[in-house]
Amino acid sequence: MSPKGPEIARCASLGFLLAAGGVLVYALGSAFTYTATHPGPACSNPPALAADPPQWIVVLCCLAAFAAGHLSGRWQQVDPQHLPAAMPAAVTEAEQRQRGRQVLVIEGLLLVFLIEILALLVFEVVALSSGRWPITLYVRCAYNAAGWPTTLGAASVTFLLGRWLWLPRRSSAETGS
Amino acid sequence: MLRPAPDAAVLWVAGVALGTLLMLVGADFALTWTRRLPIGSWVAGWARRYPLFALALALVAGGLIGHFFFATG
């Protein structure tokens, strides 16, 4: 690969990430705008299963986005000094504090993730027990009312999952070998 | 027949869920831009350190995604 190759790959990785973020902003903005300007749901009750595009296309788009997310994650370039194997045992107290903060951030993100899962489950339980729509029906309603934007939104979410959760092979720098 | 929930509740849930994703996108962008270890590497490191916990979380997350997104009936 030419010296410019990794830089181009890094820019592509950033571009894909920005695009996914843009789609999420658009989806969120659309949902808020529609809800603020319309009194009822955008679809029938219960929402129909069939819409445009067909579900198999949505599934294929999501699978492709998941693989693209993994690929874009592999295109990220890390400065060698930030690789774990390149970091010597904490030398100074300041470095120890900095690493402690980094660990705290990761554990904080994990905590937020778990709290959100819990909140989603609580919403689901409360909704079903009080005769309200579960989250599934809102997703289906969005798909029914705006098929392609919803497909793009779902693809963005799976792209991010592929980028963050599809573990790359352990590199020699990480193993320290 | 089930009825839609109040708009405010739905928007709150959608806002928090997508807002968190957006926050993570911003963090990942900043980490990639500054050539630091991206979020995926942190997740991978954590999952390798705690494989059983990671497996349990993956099962829960996968179940939730299937539950929310995969409607056939």
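These questions and answers look at aromatic rings in a predicted model.

Local features here need pLDDT of at least 70, side-chain atom pairs count only at pLDDT 80 or more, and totals for chains, interfaces and linings use all residues. Residues are numbered from 1 along each chain as its sequence is written, chains are lettered from A in the order in which they are written, and side-chain values use heavy atoms, without hydrogens and water.

Visitor: How many aromatic pairs does a search of the whole structure find?
Guide: Rings of Phe, Tyr and Trp (its six-membered ring) pair if their centres lie within 6.5 Å. Over all chains, the number of pairs is 7.

Visitor: How are A:Phe16 and A:Phe159 arranged, stacked or tilted?
Guide: Planes under 30 degrees apart count as stacked, over 60 as edge-to-face and the rest as tilted. The centres lie 6.2 Å apart.

Visitor: Is A:Phe159 buried or exposed?
Guide: Buried means under 20% relative accessible area, exposed over 50%, partly exposed in between (1.4 Å probe, protein chains only). A:Phe16, at 40%, is partly exposed. A:Phe159 has 6%, so A:Phe159 is buried.

Visitor: Which residue has its charged end over the ring of B:Trp33?
Guide: A charge sits over a ring if NZ of Lys or CZ of Arg is within 6 Å of the ring centre and within 35 degrees of the ring normal. B:Trp33 is exposed, at 53%. The charged end 5.7 Å from its ring centre belongs to A:Arg10.
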